[in-house]
Amino acid sequence: MVSILSSFESRLMKLENSIIPVHKQTENLQRLQENVEKTLSCLDHVISYYHVAKDTEKIIKEGPTGRLEEYLSCMDKIQKAVEYFQDNNPDSPELNRVKSLFERGKESLESEFRSLMTRHTKPVPPILILDLISGDEEMDTQEEMSLEHLPESVLHDIIRISGWLVENGRNQDFMTVYFQIRSVQLDRSIKGLKDHFRKNSSSSGVPYSPAIQNKRKDTPTKKPIKRPGHEHDLRVKHLSDALGDKHGLPAGRDDVFDIEIDAYIHCVSAFVKLAQSEYQLLTEIVPEHHQKKTFDSLIQESLDNLIMEGDNIVSAARKAIIRHDYSAVLTIFPILKHLKQMKPEFDQVLQGTAAGTKNKLPGLITSMETTGAKALEEFADNIKNDPDKEYNMPKDGTVHELTSNAILFLQQLLDFQETAGAMLASQETSSSASSYSSEFSRRLLSTYICKVLGNLQLNLLSKSKVYEDPALSAIFLHNNYNYILKSLEKSELIQLVAVTQKTAERSYRELIEQQIQTYQRSWLKVTDYILERNLPVFQPGVKLKDKERQMIKERFKGFNDGLEELCKIQKAWAIPDMEQRDKICRAQKTIVKETYGAFLNKYGNVPFTKNPEKYIKYQVDQVGEMIEKLFDTSA
């Protein structure tokens, strides 16, 4: 048994000794095989880099149009090949090949980016811009109206290309391309809106203005353009209409001016809305840390054009001041009002842009305020020193052109009380101006209006001295004071004046009354002939002496001649206010009729002449009728 077991053990040992080396050999062989496989796989991988150029060249040459994803995947392969050769075989000619292919591919992507942007970037139609502007007033605030600048699929491709260029191209040129193309589009959109205004205004009245709403009932307005599906209650007030009608200014010029002003106001609103929309689009395409700078460059041209046009309006206003054409300066007011209303939105849009960009609008506002304030001051001085005296005085003593112009100008300011007040406040250096409030500016405007009215009154007094006849002078002043008072009462000017001068209304009434009394004195030379106190006492039944008869004849003749002369002269004078005319005629008629009636009663039947009809030319009622026809050339 022992011998069998020993033999078994020795055979096992032998078997083990022969198997182990085989096992080890097999292990080595397996390892070798694995290494060979790994080597082959590495070789395949390396060889694949040598094939990249050949495999992708065709697609790269044909460009990314219509197959962007496939193209980008080829570019990724090329990039990996470039990296491999740079790390492992920088001297390989293959490196240059893939490198130039990569550059070519990158250029094609940039070119595709430019091509997509150019092909699909179109100016926003004016109708859409107007909807966008008026959307603020018409839509619920939750429902923001947005523009689709680029088709969705195109936008997707542009975003993919820009993402790839930023990540792999290490290239910022496409951002320059982006802002240049979009900048031209923004500028063309705004210019298109302006042209739309010019065309439409010539064919269908003046389009509406977002700057001036909630008009007073007595303000002349123009009908807005009606567009399908929209009822816009945005109206433009014609600043120079009334002036043009009254003083024969060329109406066409004012209309054109209004269209320009209104178009400008719209372009300001359009710029804000379109710039907001551009920024939203830009955030999807341009990487975050470049967004503000690119946006700044994108809006420069349009903003500069807008500011330049504003500066042109300011310089036109300055020229108008030199010409003393103050109605033209009024065009600044709606623009300034609108710019101030839009300023918070402007500031929001321009957040993050360069200081120079942010300061452009405040600079224009300041320039407009200074020019406006200068115009207001010069207007007040001009009213005081208006040189027209003799040759421009109304022969009939009616309201002077200076008065109607001054009142009209002040009435125009009513629509822009805050703006005008702020203009005046901007020139104040006192401490109260720095704590600027609307109450302060209202007081300033009230003081200004009172100054203009005071200057006007001084000038009218000086002009009235041109008339040789004090009665005509009185009628002239009466007409002008009455016109001023009625105009103040008809508009809100009286409330504004009352802010600093509570008794203005009463003062004007007293002035008017004084002039009526001065006028009535012109009749004393007629009534003095027939007053009781100037006549001798005659005994009834006693025969008149020649001297007494002569005296009565002279009294009748003096009265007749005086009455005829005054009626002839004063008939040609004017009192445009019918109520005042009737009041003055009535008072005069009563005085003269009573005096003449008493005289006629006393002396009508006294035998002072053989030809009574020669001296008693008029009955009492006839005298009344003659006085009724005063101030009426048609009578």
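His 324 counts as partly exposed, at 45% relative accessibility. Partly exposed lies between two cut-offs: buried is under 20% relative accessible area and exposed is over 50%, with a 1.4 Å probe and protein chains only. This is a predicted model, in which local features need pLDDT of at least 70, side-chain atom pairs count only at pLDDT 80 or more, and totals for chains, interfaces and linings use all residues. Residues are numbered from 1 along each chain as its sequence is written, and side-chain values use heavy atoms, with hydrogens and water left out.

**Overall make-up**

The protein has 25 helices and 0 strands. Both are DSSP runs numbered from the N terminus: helices are H or I with at least four residues, strands are E with at least two. Of its 635 residues, 46% count as buried. The protein exposes about 33,600 Å². Carbon and sulfur atoms supply 52% of that area. Accessible areas come from the Shrake-Rupley method with a 1.4 Å probe; for residues, only the protein chains shown count as cover. Among contacts with a separation of 6 or more, 79% join residues 24 or more positions apart. Contact means heavy atoms within 4.5 Å.

**Two positive phi values**

Most residues other than glycine have a negative phi. His 324 has a positive one, near 60°. Its place is the loop between α9 (288–322) and α10 (326–329). Phe 631 also has a positive phi, of about 55°, although it is not a glycine. Phe 631 sits in the segment after α25 (620–628). Phe 631 is buried, with a relative accessible area of 6%.

**Helix α11**

Helix α11 covers residues 332–349, 18 residues in total. From first C-alpha to last, α11 reaches 24 Å, close to the 26 Å expected at 1.5 Å a residue. The expected span is 1.5 Å times one less than the number of residues. A kink of about 50° lies at Lys 343, shortly before the proline Pro 344. The bend is the angle between axes fitted to the seven residues ending at a residue and the seven starting there. The buried residues of α11 include Ile 332, Phe 333, Leu 336, Met 342, Phe 346 and Val 349.

**Pairs apart in sequence**

Val 499 belongs to α19 (residues 493–500). It counts as buried at 17% relative accessibility. Leaving aside neighbours within four places in sequence, Val 499 is in contact with Arg 442, Arg 443 and Ser 446. Met 175 lies in α6 (residues 173–204). Met 175 is buried, with a relative accessible area of 6%. With neighbours within four places again left aside, Met 175 is in contact with Val 286, Pro 287, His 290 and Thr 294.

| Pair | Apart in sequence | C-alpha to C-alpha |
|---|---|---|
| Val 499 and Thr 447 | 52 residues | 8.3 Å |
| Met 175 and Lys 293 | 118 residues | 10.0 Å |

**A nonpolar patch**

Phe 8, Leu 12, Leu 15 and Ile 19 make a nonpolar surface patch of about 410 Å². Patch residues have over 30% relative accessible area and no salt bridge; nonpolar side chains (Val, Leu, Ile, Met, Phe, Trp, Tyr) are joined within 5 Å, and like charges within 9 Å. A salt bridge is a side-chain nitrogen of Lys or Arg within 4 Å of a carboxyl oxygen of Asp or Glu. Leu 15 lies in helix α1 (residues 2–62). Leu 15 is partly exposed, with a relative accessible area of 49%.
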